[in-house]
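User: Could you walk me through how to read the features of a protein model? I would like the general idea first, then the case at hand.

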Amino acid sequence: MGVGARSYFGRYHYGTDNIDWSAASPIINAFSARPFDPDAIASHGIELTPEDLARRYVLLGLTLSALSRKDYASVFGRELAADFSEELKALECLQLVDLADGDTYQLTHAGFKYSSIIARIFYTGTMVALEEQYQAA
């Protein structure tokens, strides 16, 4: 929540305005003055596809805590390796993730250092294009 913030709710990825930091004060004031309307609080956003939801789950799991293969299968009804074996093998080879207990992937110290880059591995081409478009606005 906040100026330029992005949020996730269910299958939606949304945010407020792309901002010029020199103009932050009026945007904060305008945001604060908005009446609360849970159906209209975001000024722009997208509806995530099932593939994007799975990719978001993986990147948030890795970057925020840990990624359980069992939990992924429970949520998406398929094996994590079926969807992301190539990406996870590459991260393991680079020693950026560990499969700690046979179930849970965790970022290594180096993985935390490069977590922003790792996150981009899980973006679809559509998300990369949208991100570039958002930053250019």
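Predicted model: local features only at pLDDT ≥ 70, side-chain atom pairs only at ≥ 80, totals over all residues.

**Reading the model, feature by feature**

User: Where does α4 bend, and by how much?

Analyst: The bend of α4 is at E86 and amounts to about 55 degrees.

User: And what follows α4?

Analyst: First the general idea: most residues other than glycine have a negative phi, and most peptide bonds are trans. Here, α4 is followed by Q95, whose phi is positive. The value is about 55 degrees, although Q95 is not a glycine. Q95 sits in the loop between α4 (80–93) and β5 (97–99).

User: Is Q95 buried or exposed?

Analyst: Q95 is exposed, because its relative accessible area is 59%, and the cut-off for exposed is over 50%.

User: Let's zoom out. How many helices and strands does the protein have?

Analyst: There are seven helices and six strands. Along the sequence, their order is β-β-α-β-α-β-α-α-β-β-α-α-α. Of the 137 residues, 32% count as buried. The protein exposes about 8,800 Å², and carbon and sulfur atoms supply 56% of that area.

User: What share of the contacts comes from residues 24 or more positions apart?

Analyst: Among contacts in the protein with a separation of 6 or more, residues 24 or more positions apart account for 54%.

User: How do I read the nonpolar core?

Analyst: In soluble globular proteins, nonpolar side chains tend to be buried together. In this model, the largest nonpolar core has 18 residues, and V58, L62, L80, F84 and F122 have the most contacts inside it. Two or more residues of this core come from each of α2, α3, α4, β6 and α6.

User: Could we follow one of those core residues? What is L62 in contact with, beyond its neighbours within four places in sequence?

Analyst: With those neighbours set aside, L62 is in contact with L67, L88, L91, V97, Y105, L107 and F122.

User: V97 is on that list. Where does V97 lie, and is V97 buried or exposed?

Analyst: V97 belongs to strand β5. V97 is buried, because its relative accessible area is 2%. Again leaving aside neighbours within four places, V97 is in contact with L62, L88, L91, E92, Y105, Q106, L107 and T108. As for distances, the C-alpha atoms of V97 and F112 are 9.1 Å apart, while the two residues are 15 apart in sequence.

User: How many aromatic pairs does the structure have?

Analyst: A search of the whole structure finds five aromatic pairs. In one of them, the ring centres of Y57 and F76 are 5.3 Å apart and their planes are at 85 degrees, so the pair is edge-to-face. Y57 is in helix α2 and F76 in helix α3, so this pair ties together parts that are 19 residues apart in sequence. At 28% relative accessibility, Y57 counts as partly exposed.

F84 and F122 also form an edge-to-face pair, with 5.7 Å centre to centre and 70 degrees between the planes. This pair links distant parts of the chain: F84 is in helix α4, F122 is in the loop between α6 and α7 (125–136), and they are 38 residues apart. Both F84 and F122 are buried.

User: Which residues do the ring pairs link into a cluster?

Analyst: The cluster consists of Y57, Y72, F76, F84 and F122, linked by ring pairs.

Technical notes: Residues numbered from 1 in each chain as written. Heavy atoms only, no water. Helix = DSSP H or I, 4+ residues; strand = E, 2+ residues; numbered from the N terminus. Buried < 20%, exposed > 50% of the residue type's maximum accessible area, 1.4 Å probe, protein only. Bend = angle between axes of the 7 residues up to and from the residue. Core = buried A, V, L, I, M, F, W, Y, C linked by side-chain atoms within 4.5 Å. Contact = heavy atoms within 4.5 Å. Areas by Shrake-Rupley, 256 points an atom, 1.4 Å probe, with all protein chains shown as cover. Phe/Tyr/Trp six-rings, centres within 6.5 Å; stacked < 30°, edge-to-face > 60°.
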